[in-house]
Amino acid sequence: MAEDLSLPKATVQKIIKSALPSNVRCDPATVDTVLECCAEFIHMISSEANDACAKDNKKTIAAEHVLSSLKELGFEHYVKEVNETYMEHKAQSSERTKCSRKLDKLGIPEEELWRQQEELFMKARSSLASSQDSLAMLQAAGCGPGPGSTTNAGCKGGGG
């Protein structure tokens, strides 16, 4: 390969580590070999998918091109799992798009939504501070629960 394309080494190391028993370690040279194999595998699949794409007179490689390339190269045992993963990805992407469309349909600019959110946070902080001040005043007056208590037993005015 002319370009130095590779997968993240740390990620591959984690995958290898999770696949091995806890008492087995993987030599760094082995990790490098696995990385090279992964890059070659991806190159083979993408090259075959590109050929399938060209046969269909398309300019963009689609999922069906990748699936057909797996079959063509003898990796048909991966097709079911790859297709399931693709469908899950498609569903998740669709869900994210629906959520963003809901915000768009509100017709409220993003800046306004941020302003409204900040306003709600300020109201919540103010309400909390007010409640804490009221509780402190009651406790100072001998009414209300003391630290760690939930009763008004000590209130001077018969409140408990």
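The protein has 5 helices and 0 strands. Along the sequence the pattern reads α-α-α-α-α. Helices (H or I, at least four residues) and strands (E, at least two) are DSSP runs, numbered from the N terminus.

This is a predicted model, in which local features need pLDDT of at least 70, side-chain atom pairs count only at pLDDT 80 or more, and totals for chains, interfaces and linings use all residues. Residues are numbered from 1 along each chain as its sequence is written, and side-chain values use heavy atoms, with hydrogens and water left out.

**Overall surface and contacts**

Of the 160 residues in the protein, 11% are buried. Buried means under 20% relative accessible area, exposed means over 50%, and partly exposed lies in between (1.4 Å probe, protein chains only). The accessible surface comes to about 12,900 Å². Carbon and sulfur atoms hold 56% of that surface. Areas come from the Shrake-Rupley method with a 1.4 Å probe; for residues, only the protein chains shown count as cover.

Contacts (heavy atoms within 4.5 Å) can be split by sequence separation. Among those with a separation of 6 or more, 26% join residues 24 or more positions apart.

**Helix H5 and what follows**

Helix H5 covers residues 110-140. Its 31 residues should span 45 Å at 1.5 Å a residue, and its end C-alpha atoms are 45 Å apart, so the two values agree. The expected span is 1.5 Å times one less than the number of residues. Just after H5, glycine 142 takes a positive phi of about 90°.

A positive phi also occurs at asparagine 57, near 55°, and this residue is not a glycine. Asparagine 57 sits in the loop between H2 and H3. With a relative accessible area of 71%, asparagine 57 is exposed.

**Salt bridges**

Side chains of opposite charge can pair when their charged atoms come close. Here the criterion is a side-chain nitrogen of Lys or Arg within 4 Å of a carboxyl oxygen of Asp or Glu. The whole structure holds 5 salt bridges. The table lists three of them.

| Pair | N to O distance |
|---|---|
| Lysine 9 and aspartate 32 | 2.9 Å |
| Arginine 115 and glutamate 119 | 2.7 Å |
| Glutamate 118 and arginine 125 | 3.7 Å |

Lysine 9 is partly exposed at 37% relative accessibility. Aspartate 32 is partly exposed too, at 31%.

Arginine 115 and glutamate 119 both belong to helix H5, 4 residues apart, about one turn of the helix. An α-helix has 3.6 residues a turn, so residues three or four places apart point the same way. Arginine 115 is partly exposed, with a relative accessible area of 42%. Glutamate 119 is partly exposed at 33%. Shared partners join Glu112, Arg115, Glu119 and Lys123 into one salt-bridge network.

Glutamate 118, paired with arginine 125, is partly exposed at 39% relative accessibility.

**Aromatic pairs**

A pair of aromatic rings is described by the distance of the centres and the angle of the planes. Rings of Phe, Tyr and Trp (its six-membered ring) pair if their centres lie within 6.5 Å; planes under 30 degrees apart count as stacked, over 60 as edge-to-face and the rest as tilted. The structure has 3 aromatic pairs.

One of them is phenylalanine 41 with tyrosine 78: centres 6.5 Å apart, planes at 70°, so the pair is edge-to-face. The pair links distant parts of the chain, 37 residues apart. Phenylalanine 41 lies in helix H2, and tyrosine 78 in the loop between helix H3 (63-72) and helix H4 (79-106). Phenylalanine 41 is partly exposed at 31%, and tyrosine 78 is partly exposed at 38%.

Phenylalanine 75 also pairs with tyrosine 78; the centres are 6.0 Å apart and the planes at 35°, so this pair is tilted. Ring pairs link Phe41, Phe75 and Tyr78 into a cluster.

**A nonpolar patch**

Which residues make the nonpolar surface patch of about 380 Å²? They are Leu7, Phe41, Ile42, Tyr78 and Val82. Patches take residues with over 30% relative accessible area and no salt bridge; like charges are joined within 9 Å, nonpolar side chains (Val, Leu, Ile, Met, Phe, Trp, Tyr) within 5 Å. Isoleucine 42 lies in helix H2 (residues 28-55). Its relative accessible area is 44%, so isoleucine 42 is partly exposed.
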